[in-house]
Amino acid sequence: MKEFNIKDLVRKNILELQPYVSFRDQNRFENPVFLDANESPFGEYNRYPDSTQKELKNKLAALKNVSAQQIAVANGSDELIDLIIKIFCEPKKDSIMMMNPSFAMYKFYASINENKVVALDLDEKFQINKDLFLKVSEQEKPKVFFLCSPNNPTGNSIQDLEFYIKNCSGIIVVDEAYIEFSEQKSCIELLEKYPNLIVLQTFSKAWGMAGARVGIAYSSQEIIKLINTVKAPYNVNSLSLNKIMQLINYKNIIEENIKNTLIEISRLKDELLNVECVKRVFPTDANFFLIEFNNAENVYQELLKNEILTSKRSPQIPDCIRINVGKKEENNKLINVLKGI
């Protein structure tokens with residue numbers, strides 16, 4: 001890869017943008033009287049949260065063995081996807097690249113920003129064809145490549161991730177939303193080697209905090225500075241920040257929850273393979289299965305009648321439904337309904 005210069009990829013108006021700076025968050029006070037932000041003097045959460053999320057970043061830096069300056073905190077990974085596109089992609093001019101099928105929000109935010117979406121069709125094993133990747137990258141020259149691994153909705157990890165990182169001429173975003181359920185190593189360890197790499201992680205899946213809406217980006221200090229420049233000043237609320245910081249202190253509980261989920265994944269797979277209407281259960285490195293049924297539409301409707309909500313992936317992936325691994329009793333209800341179809 002040629003010598004990387006972030007300024008060659010960033011939108012010019014973003015380079016000239018001055019970040020919002022909270023005077024309060026940039027200074028330390030002993031006994032402050034806060035009369036600067038038009039807040040109410042009453043209430044438990046009457047003050048704006050720390051716009052720099054210093055305490056959480058320090059905890060994550062120790063947890064992930066990176067610098068706190070390499071971390072951006074956002075209102076879910078969705079906000080980070082949106083910000084990354086806004087930072088690097090000129091509307092009506094630049095394109096993003098993504099896998100097909102993959103997480104729909106990459107296309108959603110690119111469309112809002114009026115950017116072309118280049119889709120790489122995955123092969124029969126839901127892997128990327130390397131020759132196709134190189135050919136399309138050369139032809140389309142996408143500014144950002146979103147690579148979800150383990151991938152949603154297919155569940156599998158993408159093989160040889162470093163090949164795509166080192167051969168990407170733009171920004172490559174590796175979305176690791178399901179990394180805790182996988183044996184795949186996090187690409188965070190590659191950050192020092194590849195200055196064009198952004199790694200996304202979330203507290204919504206393995207950490208069980210989807211309602212808190214907290215997503216994390218790990219990257220170079222240059223890229224993180226850009227994200228912090230463009231993000232809203234108080235983009236993560238105090239309740240979510242406090243809850244996440246408490247949870248990090250009890251990481252052993254999360255590890256136990258992950259262990260129990262993996263046990264259920266294995267058990268549920270064995271059960272599914274003995275269900276008559278199930279045609280194929282695809283391998284998974286996530287907390288869900290992509291399942292091919294003999295008649296996916298009929299199965300989906302029958303599950304819905306029993307108030308079991310699943311994600312229909314057909315016709316994009318013919319006759320397939322994505323089904324989350326729940327608690328043991330929820331999984332048992334799923335199997336019983338499927339056996340009755």
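Contact here means heavy atoms within 4.5 Å. Helices (H or I, at least four residues) and strands (E, at least two) are DSSP runs, numbered from the N terminus. The model is predicted: local features need pLDDT of at least 70, side-chain atom pairs count only at pLDDT 80 or more, and totals for chains, interfaces and linings use all residues. Residues are numbered from 1 along each chain as its sequence is written, and side-chain values use heavy atoms, with hydrogens and water left out.

**Exercise 1. Describe the start of helix H8, its buried residues and what covers them.**

Step 1. Take buried as under 20% relative accessible area, exposed as over 50%, and partly exposed as in between (1.4 Å probe, protein chains only). In H8, residues 238–248, the buried residues are Ser238, Ser240, Leu241, Ile244, Met245, Leu247 and Ile248.

Step 2. Look for the cover. It includes helix H2 (54–64) and helix H9 (251–272).

Step 3. Go to the start of H8. There a side-chain oxygen of Asn237 comes within 3.0 Å of the backbone nitrogen of Leu239.

**Exercise 2. Find the residues that touch the most other members of the largest nonpolar core, and list the contacts of Phe88.**

Step 1. A nonpolar core is a set of buried Ala, Val, Leu, Ile, Met, Phe, Trp, Tyr and Cys residues joined through side-chain atoms within 4.5 Å. The largest has 89 residues, and Phe88, Ile128, Phe145 and Leu197 touch the most other members. Helix H3 (residues 76–88) gives the most to this core, seven residues.

Step 2. Leave aside the neighbours of Phe88 within four places in sequence. Its contacts are then Ile6, Leu9, Val10, Arg11, Asp94, Lys143, Val144, Ile171, Ile223 and Leu226.

Step 3. Note a second, separate core of 22 residues, with Leu272, Val275, Tyr300 and Leu303 among them.

**Exercise 3. Characterise the largest pocket and the largest cavity.**

Step 1. Set the rules. On a 1 Å grid over the protein atoms alone, a cavity is a set of points where a 1.4 Å probe fits but cannot get out; a pocket is an open set with protein on both sides within 12 Å along at least five of seven lines; lining residues have an atom within 4 Å of a point. Grid points are joined across faces, edges and corners, and a volume is the space filled by probe spheres set on the points.

Step 2. The largest pocket has a volume of about 1100 Å³. Its lining has 44 residues, and Ser204, Lys205, Asn287, Asn324 and Val325 lie nearest its centre. H9 supplies the largest share of this lining, six residues.

Step 3. The largest cavity holds about 60 Å³ of space. Its lining consists of Leu60, Lys64, Glu180, Gln201, Thr202, Phe203, Trp207, Ile216 and Tyr218. H2, strand E6 (197–202) and strand E7 (215–218) each give two or more residues to that lining.

**Exercise 4. Is Ser102 buried or exposed, and which residues does Ser102 touch?**

Step 1. Locate Ser102 in the loop between strand E2 (95–100) and helix H4 (105–112).

Step 2. Ser102 has a relative accessible area of 6%, so it is buried.

Step 3. Not counting residues up to four places away in sequence, Ser102 touches Cys148, Asn151, Asn152 and Pro153.

Step 4. A polar contact is a pair of N or O atoms within 3.5 Å; within protein, one must be able to donate a hydrogen and the other to accept it, and residues adjacent in sequence count only if both atoms are side-chain atoms. The side chains of Ser102 and Asn151 make such a contact, at 2.8 Å.
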